[in-house]
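Open the model in your viewer and keep the sequence panel beside it.

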Amino acid sequence: MTDAVCLVTGATSGIGLATALGLARQGATLILVARNRERGAAVLARMREETGSRCGRFFAADLSTQAEVCQLAKDIQARYPHLDVLINNAGSFFTNAR
């Protein structure tokens with residue numbers, strides 16, 4: 001995974017966090033996405049401490065709103081020329097409206 005650019009949504013806890021840490025250990029460049037900025041900063045600090053990786057950036061976005069998804073895409077495209085891996089781990093909630 002060395003030099004692969006990997007985006008992980010839901011990266012501040014659970015499977016997303018474990019995935020991000022695992023990819024960091026393998027040398028990937030990480031783009032971490034979640035809603036909470038403080039938790040995102042904590043994950044970056046933890047990743048750097050546990051893995052030694054400095055190849056990560058956090059983006060705060062609420063993926064339930066189309067406007068934030070579009071802004072996130074623009075922000076990522078402005079900083080990264082390509083994306084190798086997308087791990088869409090963010091939780092979702094669906095209602096059954098009748």
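In this tour, buried means under 20% relative accessible area, exposed means over 50%, and partly exposed lies in between (1.4 Å probe, protein chains only). This is a predicted model: local features need pLDDT of at least 70, side-chain atom pairs count only at pLDDT 80 or more, and totals for chains, interfaces and linings use all residues. Residues are numbered from 1 along each chain as its sequence is written, and side-chain values use heavy atoms, with hydrogens and water left out. Helices (H or I, at least four residues) and strands (E, at least two) are DSSP runs, numbered from the N terminus.

**Stop one: helix α1**

Select residues 14–25, which form helix α1. Its expected span is 1.5 Å times one less than its number of residues. Now colour Gly16, Leu17, Ala20, Leu21, Leu23 and Ala24, which are buried. Looking down the axis of α1, these buried residues fall within an arc of 165 degrees, so they line one face of the helix. The arc is that of the directions from the helix axis to the C-beta atoms. Gly14, Ile15 and Arg25 are exposed, on the face turned away from the buried side of α1. The cover over the buried residues of α1 includes β1 (5–9), β2 (29–34), α2 (37–51) and β4 (85–87). Just after α1, select Gly27, which takes a positive phi of about 90 degrees.

**Stop two: Thr12**

Go back to the loop between β1 and α1 and select Thr12. Is Thr12 buried or exposed? Thr12 counts as buried because its relative accessibility is 14%. Contact means heavy atoms within 4.5 Å. Apart from neighbours within four places in sequence, Thr12 is in contact with Leu17, Ala34, Arg39, Gly40, Val43 and Phe58.

**Stop three: helix α2**

Select α2 next. Its 15 residues should span 21 Å, and the end C-alpha atoms are 21 Å apart, which agrees. Gly40, Val43, Leu44 and Met47 of α2 are buried. Seen down the axis of α2, they fall within an arc of 100 degrees, so they line one face of the helix. An α-helix has 3.6 residues a turn, so residues three or four places apart point the same way. Glu38 and Glu49 are exposed on the other side of α2. Among what covers the buried residues of α2 are α1, β2 and β3 (56–60).
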